[in-house]
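Hi everyone, thanks for coming.

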Amino acid sequence: MTRLRRLGTAVGAAVAATACGGAILLSPAKSSLIGASSANPLDILVIGGGATGSGVALDAATRGLRVGLVEREDFSSGTSSRSTKLIHGGVRYLEKAVFKLDYGQLKLVFHALEERKQMNDARLNVGLACTAALAGAAVLNHAEVVSLLKDDVGERIIGARIRDNLTGKEFDTYAKVRRADVLSAWSGIRPLAMDPSAKNTESISRDHVVFEEHPGLVIITGGKWTTYRSMAEDAVNAAIKSGKLTPSSGCVTNNLKIIGGEGWDPASFTVLTQQYVRMKLTHRGKVVPGVMDTAAAKHLSHAYGTLADRVAAIAQNESLGKRLAHGYPFLEAEVAYCARHEYCESAIDFIARRSRLAFLDTDAAGRALPRVIQILAAEHKWDKSRQKQELQKAKEFLETFKSSKNAQFYDGKHN
């Protein structure tokens, strides 16, 4: 089955469609990547779909550049989905800035104050990737770079060999500049930008460093979630310089709302409670109505913004209004919506990153798995073998949450 994305190809048209509640258009991301030949290359190929990589793709696409984004696992499967679960050291930044007159640490404080907010980091990461796609980027998760392509004289990197990890098929895609997201390849450990004059690791700045390691290969390292936007801006600036690119505009992400954010209001959930019901399918196959209660409506509004009505419509019109787990607001409709519109390609993608059920309640996530897989199977046309494989992988994933002895972090995924 071709992995097609219901995402627009022109940012103006896409934003208008979203704001007016129109249908999001279908865009074949994989076809766009395959179609990026040496004669018609992308401007930038972003490798790594964490906070930084998705931010870079969004920044570049909104400047009018032709952009591709590939992620070998799922968006936010590495550090980006866990960094905000840690205790932050912002106070230490401020202490060093004031008492040691360290301007670098003071800049970090300002960046964090400007961009920090309460957030569901995994959903924000997915939102960045989806917004980049709406701006015209060709976005594909579960797609791994297996090798780099160089020009005839071997002096410049001009593309990459990519493997679709869901099908096993490989293809080449070409770009004038290729940017590697080092941050997303780490899990549980934040790489720090090394200052050669630093005397100890405590004085290493967590600000980022951008450099061209090889002609055509621009790398960014360091940084953190709260400064991802400025990191992306710096990386795209470096890529433009390296590839002698001609963007149609400058950086606009400082004032850009991600998908679902334009026009959202904290009281939006009340509209959902008034206009939608949760149609639920009983075990005997009978459809019964249920109220769109405040808890469910608030959850949908906060998770999907102005697109929450689309999830509510699925709950009502397709009889997917049941809760996936008792005591939690996640609805069956969300699984279908995420499969159709948010690159949700596996059961783990949903329980760990489209919702946070795996992190909130491991046992509840386990009980929800059969239904999650059933809905995904219908959306992606999985056979019985694939469904069994999904259940086994998801159960193994959840086991790692039950004992710290079993927790292993490797290459951007929680094994």
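Let's start with helix α14 (residues 362–380) and helix α15 (residues 384–399), which pack at an angle of about 160° with their axes 10 Å apart. The axes are lines fitted to C-alpha atoms, for helices over the stretch in contact, and angles run from 0 to 180 degrees between N-to-C directions. That angle makes α14 roughly antiparallel to α15, a term for angles over 145 degrees.

Before I go on, a word on the source: this is a predicted model, where local features need pLDDT of at least 70, side-chain atom pairs count only at pLDDT 80 or more, and totals for chains, interfaces and linings use all residues. Residues are numbered from 1 along each chain as its sequence is written, and side-chain values use heavy atoms, with hydrogens and water left out.

So who meets whom here? From α14 we have Thr 362, Ala 365, Gly 366, Leu 369, Ile 373 and Ala 377, and they meet Gln 387, Glu 390, Leu 391, Ala 394, Lys 395 and Leu 398 of α15; contact means heavy atoms within 4.5 Å. By class, that contact has seven nonpolar, three polar and two charged residues. Here Ala, Val, Leu, Ile, Met, Phe, Trp, Tyr, Cys and Pro count as nonpolar, Asp, Glu, Lys and Arg as charged, and the others, Gly among them, as polar.

Now the core. Which residues touch the most other members of the largest nonpolar core? Of its 47 residues, they are Leu 272, Met 292, Leu 300, Phe 350, Leu 357, Val 372 and Leu 376. A nonpolar core is a set of buried Ala, Val, Leu, Ile, Met, Phe, Trp, Tyr and Cys residues joined through side-chain atoms within 4.5 Å, and buried means under 20% relative accessible area with a 1.4 Å probe, protein chains only. Our friend α14 gives the most to this core, with nine residues.

Take Met 292: leaving aside neighbours within four places in sequence, Met 292 is in contact with residues including Leu 272, Tyr 276, Leu 300 and Ala 312. Apart from this core lies another, of 35 residues, among them Leu 65 and Ala 235.

Next, please look at α12, where eight of eight residues are buried, including Asp 349, Arg 353 and Arg 354. The buried residues of α12 pack against α6 (121–134), β3 (138–141), α11, α13, α14 and α15.

Finally, the whole chain: buried residues make up 51% of its 415 residues. Thanks, everyone!

Key. Helices (H or I, at least four residues) and strands (E, at least two) are DSSP runs, numbered from the N terminus. Angles under 35 degrees count as roughly parallel, over 145 as roughly antiparallel, 65 to 115 as roughly perpendicular and the rest as oblique. Buried means under 20% relative accessible area, exposed over 50%, partly exposed in between (1.4 Å probe, protein chains only).
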